[in-house]
Each structure stands twice: as structure tokens, then as C-alpha cells.
Amino acid sequence: AAESARATKSDGLKRQDMDDEDLVIEELGTDMIGPASIEKYTETLGINALNYEFFVLCEIVQIDELFQLTRKGFTEGWMSQWDKRGSPLEANIEAHRRYIRSRIEELPKDGALFKKVYRQVFLAGKEPEVKTLPKKIAMAYWEELFTPTVHPWKTKNVNFLEAWLVYMEEKWTRNVSKDMWNQTLEFANKTVMDDTLGFWSEDQAWPGVIDDFVLWCRETGVVVTARPNVGMQVDD
Amino acid sequence: MISTPRTCRAFRAPCGVSLLAWDSSLTCHRWNYLQAGITKIMLNLQEGVDLQTYMGIYTAVHNFCTSQKAVGFSVTANINTGAHRGAHLLGEDLYKKLQEYLSAHLRGLLNESKLHTDEALLAFYIREWQRYTVAAKYIHHLFRYLNRHWVKREMDEGKKSIFDVYTLHLVRWRDVLFEPVSGKVMGAVLMLVEKQRNGETIEYNQIKQVVESFVSLGLDDTDVAKTTLDVYRFSFERPFLQATRAFYQNESKQFVAENSVVEYMKKAEARLDEEEERVKIYLHPDIAIPLKKACNEVLIAEHSTILRDEFQVLLDNDREDDMKRMYSLLSRIPDGLEPLRQKFENHVRKAGLAAVAKVSVDVDKLEPKVYVDALLEIHTQYQGLVKRAFNDEPEFTRSLDNACREFVNRNEVCKSGSNKSPELLAKYTDVLLRKSGTGAEETELENTLSQIMTVFKYIEDKDVFQKFYSRMLARRLVHSNSSSDDAETSMISKLKEACGFEYTNKLQRMFQDMQISKDLNTGFKEHVQGLGAKGLDSAYSILGTGFWPLTAPNTTFNPPEEISADCERFARFYRNKHEGRKLTWLWQLCKGEIKTNYIRNAKMPYTFQVSIYQMAILLLFNEKDKNTYEEIASTTQLNTEALDPSLSILLKAKVLTISDGDKVGPGTAYSLNYDFKNKKFRVNLNVGMKSETKQEEAETNKTIEEDRKLLLQSAIVRIMKARKRMKHQQLVSETINQIRQRFVPKVGDIKKCIEILLDKEYLERLDDDDLGYLA
């Protein structure tokens, strides 16, 4: 049933009277459109191109390297979305508009969705043939992704996002690898559950940058170590 | 056997009743006769028993059993139970009478015993016991008929508390006399033992006999054939052990209060030996183990704290004999030695650190030999102690190893660079293996190399040693100043034995290259002679790329005509032999000799030993006496890094003189010094600059870090390739295991390598801290 539904939808997209989305499709005839056209498309969809709402779109249509939208990403991306009743989306701009709005509203509540969006941002932001994201750019994305209203990275005691950005600025000199990017979210999710960082231990699989961040947090007093009373073991 | 009495019964049953009255009086009569005989045996056996009496008693017993048959039957005859009873009852009366008789006799003895105490009681008990048991043996024989028939049948039928006559004697003794009197007897025994422990001489045979008596009474009531030690254990061992404990508890407490620990150890040792001896002389072997245990507890375990506290003092003062004594004492109690081992380990570590600190006042000037000797001295000292005082026990050896590993790898010298230990060890090896004036003897050299291996085993960063060693081996081989091929081979095989083939593979290849080169040179010489050309007196070494820690020269070089002609001839010769191989000239390692014939006032021409660069420079002066810096540079094609030091040495040795400036560099000019003078006629100008070797060391250290990263990454990939999926932590510890023989990796470094592999997409992160292998 799903197969046929998809088929109809695909046909529908072609047959349907062209609406505002046509503009995008038309440009996609050249296989790839750049940021300028994407911005126009975001206006059509009624989302903010300058904040995290745009990242939600990135995840749906698989926007890739340097914010390029491909025909493949666009069609397959929309085709693989399902509405709340479990049927394929209607292929028109209205449905898409509604759908993306609901996704944006889900984002703060749905950790799995956030993770997908978060990971897509890395792919969308980096340059082709390069495996890393420049630090400056990564920092800007973190700041946007960890927006307090969406996915806050702070607790009532500690503002981790702020600390992380300071740490990046002062101590980290390299680019951000995919692994570091992905692990930062995993780490962030843990820190908001335990802001004493008691969950952390050097033996765990965290990347070195995160190990060093934890130590830095303790040294600079960003985080108060939970065990102040444990004395040093003195070797006689 | 059983069928016979049954048939008998069939015939005799009818006449049973009539015989009863008659028989009863007869029994009485016969018993009186028997009793008289038994009493005689019991009390006056020493007077002897004549054959007539003996036979009389024997016959009486026989008659007692046989003529009475009908009596028993008639008394209890009834159809239901009588089937076997008839025959069995034949001896019951006699048995009972004997039993009563023995009880009465023993009650008499019991009363008599009350007259004696202490040693007199002991003597009484032993005397009576002996008399009684000897008599019992006689009576046993006299009553053989009873034993063989009535007793045997009763026992076959499984009747309890029926014993053969001898055993009956013992059981009676035990129940009537022993039970009430054994406590007092034991008291007397213990008093004697205490006297002996206090140094008096005692009649220990008495105790031995008491032991024997007590052991004999160990009868198993359920199975007469078996003997047990229960009676003895309860009545002898238990009180004996109690008394022993009390005695030594008291004594040791007092002794410790008044004497030194060392004295106490001697005392305890003597006491323990004494008790062991006691068991051998007059106690039952069964007590050996519990007695030893009791003594160990009160003499050692209860004082173990003060013993252990003394250990540090003994260590500090090298009291080997006392440590040996302490070891042997504490080894007797469970977990007695562990605290000693810890103290020992600590002590050795500190001694090692102190020894290193003493020699490392100025780390930069530290002689490798001095350093290694300091390490070895401590190891030798304490290995000897382990051997002599601690019985060469493996656990102590392990403590020694732990301590040595600590002070070899983390001492004062290592603070200036964690690679220092392996570096200095490798350097010392180099000193030993290099040709030197001292010319150590071969066996001595071999011994020293073995000692090097002792330290080597403790080195954690074996890869660092390998790096330095291979560099220095390369230098020895290239400059052919190795002291002996045998020593080199011996050292390589020692390293191979310790670390495996892979570790020494390159070293071995280097060594082989030199051997092959020798043959090659012979071939080349013949080839040149065959051509009839006049060549240089040259020798070539062909070194396999990748096996030698050498790099191509970092300067361009235009060798002098004379040299290049020979080199090209050799290159052709070599290509002929090995097609497709590429030769790269390592000019920086080439050297030669040139003879001078320009120097005034020289009695003999000087010979200069020079590097090939210096040779190229000097040969320019064959054309003219003065060359500018620029001229030299352009003809030799050497860059400043190679040219300047070469010139500097020639200037310093006053072979050349400088003009138009005083520092080597552009704009200066150089002239030949015709007035050169030197004490020696062979002058070595091919000397490296100090800064060069320093730089080389720094480089070696840098390559170590690089190599380690690669080593770690390849280990990780190897593990993951085999396992496909693995927990992060598991991967880390597995990697440590694989790498540990070479160096001790830091967890942080492993994590970094994992990250690099993640970024290179050799690995991927999976759920739950798992890592996956991406082919």
C-alpha cells in the first residue's frame, strides 16, 4: 500500500497545478540550487531562514554541503515524510507548510528528531571534500541549535553552552570533526541530567576534547566537583 | 558353619530341660577354677604359668562351652526365636562372668590409684596398664575356644558390645578405670612436660607409654576391627594443646616485654624446633600438625605486629640473618609475609630512587655507565637478599621486580625526559660495544651485557631503547668501530630472546647488510683489477632502505672527480649484479683519508682523516691556494648547513686559514696553511659537532612519538579487524595489552588514536559505547 501511495504522490507532484513550490522545482531542473533560491523557498514555506527553523528544513530535504539543495534530496526528502495519521504527505505547498510548522513545534519535545536535525546541520554546513567544520562556524551553529527555547544546554546551576563556547574560543585550535560534533550533543544531553559531571570518567569513550573540557570545567570552577571531602591518598 | 548347630538341635532338644539343674552347680564349680587361674595370670604372671595350669584352664573353657549347650537352649527355647539362640548361648555365661571379673579387678585398681598423685600416679598407671595388657593377651589365648565359637557367632550376627576377649579387656579398662582416672593421669603428664619446657630432665618414656595406652583405647564401638584416635585426641591432644598454648602465651608475653624483637625471634625459633623434636621423641605423630599450628599461633601470629614493625629496622641495617629468621617465622602463618613484601617493595624502590638521585646531580653530564651501575647495584643487592634471606620466593621476586620497574622508569633522571632511562641504557651498551682503548675482556663484556639485559627487562619504553640502539648500531657499523662481531650478535640475540623476532628484525638486517657488503667489495676489487683500471682504495657499504635509521643527505653534493669516477664504476658493477635496485649515496656518512705533501717542515707527510665533504673542500686546493666561500660552495654544491661545519673544523684544526672575515660564511676566503703542525701524523678531522649529536637525540625522541601513534593505530585497527565490534573500554585495554611489551601507552593517547581512526572512517561509533570496524 505504501508503495502505490508513493507512486501516486510522485505522479501527483508532476501533474499537479504548479504552485509556489514550482519555483523551486523549476530551478531544481538544473539539479542543484544555491542558498539564494533556498531562501526564497523558506519564505514560501513561511519559516525563518535565519534560525533553527531552517535547520528543520535541512533535515527534511537533506540539504548538503554548503547548503546545496539537490533534486534528489528534495523529492526523496518530501516523499519520505509521513503525516500524523501515518499516510504519506500530500504533495502541495500547503501540506508542506503545515508539516514543517508541526515539526518545528515538535523539535523541543522530540529528542530523536533534534538529534537528526543536529546531525544534518554538520553535513549541510561543511564544504565538499572536507571532513570537518571550521570552528567558528561550528560555534555559531551550536549557539543556534542549543537555543534555550528549543534544546537548552544549561541547568539552573551551570550554563554549559556558554562554557563550551568560551572553551572552544580559548582552548580549541582545530576544526570540528564529525565525531566531535556528534559526541558534543551526546555529552550535552548527559550534562543537563547531571550538572556535576559525575557521569564522566576518563575511561569512557568521550573524545579527548570533551575529556579536556570536563577537566577545564573543574579547574575553572564552572562545575563544582561533587566530592570535595575525599582526601588525597598519600603514599607512605 | 551354621548348618551344623541346626542339625544338632534336632537331636538334643528333647533332653535339654532335665540337664538344667545339674548343670548350674557345675558351672559354679568350673568358674571358681577358672577364676583362680585368671587371677594368677593377672597378678602373678611373673611367676610363670606351668603347662598343666595352662592346659587346665584351656580345657575348662572348652568344657564350659560344650557341656552347657542344652542349658541355654532350654531356658529360652521357643519356636520363634530359638533357631540360632541355642548354639549362641553356649558361652554367654562364661563371657559375662569374665566381664564381671574384669570390672571387679579394675574397680580395685581404681581404688588403689587414689593413693597416688602426680608422677607416682603416672608410674602406677603405666605399671598396671602393662601388667593388665600382658595378662589380657594370655587370657585371650586361653579363651580362644570362646572367641572362636560363641563370640564369633555373636559378632557375625551383628551383636553390638560383644568383643573378643582381648578387646573386652581394653573396653573394661577404658570404662572402669580410664574414664575416672585419665584426667589426673593427663595432669601428671602435663606437669612433666612443663618441667621439661622449663629445662628439667624428665623421664619422657612414661609419657610415651601413656600415649600408647591412650591410643590403644581408641576402639570403635560400632566396628571392633577399626581403631580410632578419638579417645586419644580427646583425652590427650586436647589438653596437651591447651596447656601448650597457655605456656607459650605466658612465656612469650613476658619475653617480649623484657627482650628485643630480634632476641624474641631467636627464642621463638628455638621453641618451635624444640616442639617439633618433642613430637619425634615421645608424642604420637598425629599431634604434629595441630601442635605446630598452636605454636605458630601463640608464638608468631600473636606477635606478628611487632615482628613486622621491626622489619623496616632490619632492612635499614642490612640484618640479613635476622630477616631470614623473620621470613621463616612469618612464612609459617597464613598471610604472614604479605606486609613484609609491601615493606620490602617500598624499601627497594626508595633505595633505587636514592641511588639514582645521588648520581644525577647534573643530569646533562651524567655518564651512562654511572647511571646503569647505580641501577644495577641496587638490583644486585636486593636480589641477593631475596635469594639468601627470603628463600628466593617468587612473590618476593615479584615485589623486587615491581620496585625495580618503578625506580628504573620513574626516577630523578626521568624527570628531565621520560625517555632518559632507555636512552642512557642504550648509550651504555654503545660504549661497551664500541671499539675502545680499555678493551674489556670478552667474558667480562658478556657479563656486562647480561647485566644490561637485567635493566632492560625493567624498561617500560622498550621502543625508545630500540630507537637509540639501532641508531647507535648503525653508527658503529657504518664507521666500523664495533668492538666485535660476536658481542654484537650476542647482544642482538639477547634482545631477540627478550622481545621477539620483530623487535630485532631491523637490527639483524643491518648486521647482515654489512656482511654482504664485505663480499661485494671483494667482488668489486676483482672486477676493477680485471678491467685494468686504476681505482681508488675504496670500500662500499650497501644498506637496505627501511632497515637503517638513516636518511638521505639534506644537502646537494657534487663529489670530486676522483670520487665520482669510482662511485660510478661501482654503481655500474652493482646494477649489473642486481638489476632494478636504486642506489642513493649517503654522502654525509662517507669518509676517507688524504695524504698531504704540501706542508713545510714536515718530517713525514700528514694523513688527514676527513669526511667526504671536507675531502671535496680540500681537494679544491690542489688547483689553487686560495678559494672563496662562494667558490667552494658552488663547486661542492654543499648547502650552508653542510658546508659551514665542515669548514669550521678545518679552520679550528688550522688546516685552512680564513681571510676577509672571521666567521665562516659568504664573503670569506680560505687559504691552505703551509705551516700546519700536529703531534700526530694521522689527524682525525672527521669529528661531529656536539650540537649535531644533541640534535640527533632530539630527532630520535621526536620520531618516537610519531612511531608510537602509528603503532597504536595499527594495533587498534588490527584488533578491530578481528573483532568487528567492540566496547570502547575493552578496545583500550586490549590495545594496552598488545602494546605493553614495547611501551606503556597512556589511555589518553589511545583515545586520540581512536578519534583519528573515527575521522578517517576506519571505525564508527555504534550504540552503547561500542565501536565498529569499517572495512
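Is B:Lys624 buried, partly exposed or exposed? At 36% relative accessibility, B:Lys624 counts as partly exposed, because the partly exposed class lies between the buried limit of under 20% and the exposed limit of over 50%. The answer refers to a predicted model, and this report describes chain A, the interface of chain A with chain B, and selected residues of chain B.

## Chain A

Chain A contains eleven helices and four strands. Of its 236 residues, 45% are buried.

Among the contacts between residues at least 6 apart, 68% join residues at least 24 apart.

## The interface of chain A and chain B

At the interface, 14 residues of chain A are in contact with 15 residues of chain B. The area buried between the two chains is about 1,200 Å², with 37% of it given by carbon and sulfur atoms. Three residues, A:Asp179, A:Asp203 and A:Ala205, supply 40% of the area that chain A buries against chain B, more than any other three residues.

Two salt bridges are found across this interface. One of them joins the side chains of B:Lys751 and A:Asp211, at 2.5 Å from N to O. On the side of chain A that touches chain B, helices α10 (178–193) and α11 (208–220) each supply at least two residues. The residues of that side divide into three nonpolar, four polar and seven charged.

## Salt bridges in the structure

Over all chains, the structure holds 52 salt bridges. In one of these, the side chains of B:Glu631 and B:Lys624 meet at 2.8 Å, N to O. B:Glu631 is partly exposed, with a relative accessible area of 29%, and B:Lys624 is likewise partly exposed, at 36%.

A salt bridge also links B:Glu128 and B:Arg127, whose closest N and O atoms are 3.9 Å apart. Here B:Glu128 is buried, with a relative accessible area of 4%, whereas B:Arg127 is partly exposed, at 43%.

B:Glu734 and B:Arg723 form a salt bridge in which the closest N and O atoms are 3.3 Å apart. B:Glu734 lies in helix α30 (residues 728–739) of chain B and B:Arg723 in helix α29 (residues 690–723), so this pair ties together parts that are eleven residues apart in sequence. B:Glu734 is partly exposed, at 25% relative accessibility, and B:Arg723 is partly exposed, at 38%.

Elsewhere in chain B, salt bridges that share partners form one network. Its members are B:Arg197, B:Glu251, B:Lys267, B:Arg271, B:Glu274, B:Glu275 and B:Arg278.

B:Tyr629 is found in helix α27 (residues 629–636) of chain B. This residue is buried, with a relative accessible area of 4%, which places B:Tyr629 under the 20% limit for buried residues. When residues up to four places away in sequence are not counted, B:Tyr629 touches several others, among them B:Thr640, B:Leu643, B:Leu647, B:Val664, B:Pro666 and B:Tyr670.

The model also gives a separation along chain B: the C-alpha atoms of B:Tyr629 and B:Met42 are separated by 131 Å, and these residues are 587 residues apart along the chain.

Definitions and conventions. Residues are numbered from 1 along each chain as its sequence is written. Chains are lettered from A and ligands numbered from 1 in the order in which they are written. This is a predicted model: local features need pLDDT of at least 70, side-chain atom pairs count only at pLDDT 80 or more; totals for chains, interfaces and linings use all residues. Side-chain values use heavy atoms; hydrogens and water are left out. Contact means heavy atoms within 4.5 Å. Buried area is the accessible area (1.4 Å probe) that two parts lose on being put together, summed over both. A salt bridge is a side-chain nitrogen of Lys or Arg within 4 Å of a carboxyl oxygen of Asp or Glu. Ala, Val, Leu, Ile, Met, Phe, Trp, Tyr, Cys and Pro count as nonpolar, Asp, Glu, Lys and Arg as charged, and the others, Gly among them, as polar. Buried means under 20% relative accessible area, exposed over 50%, partly exposed in between (1.4 Å probe, protein chains only).
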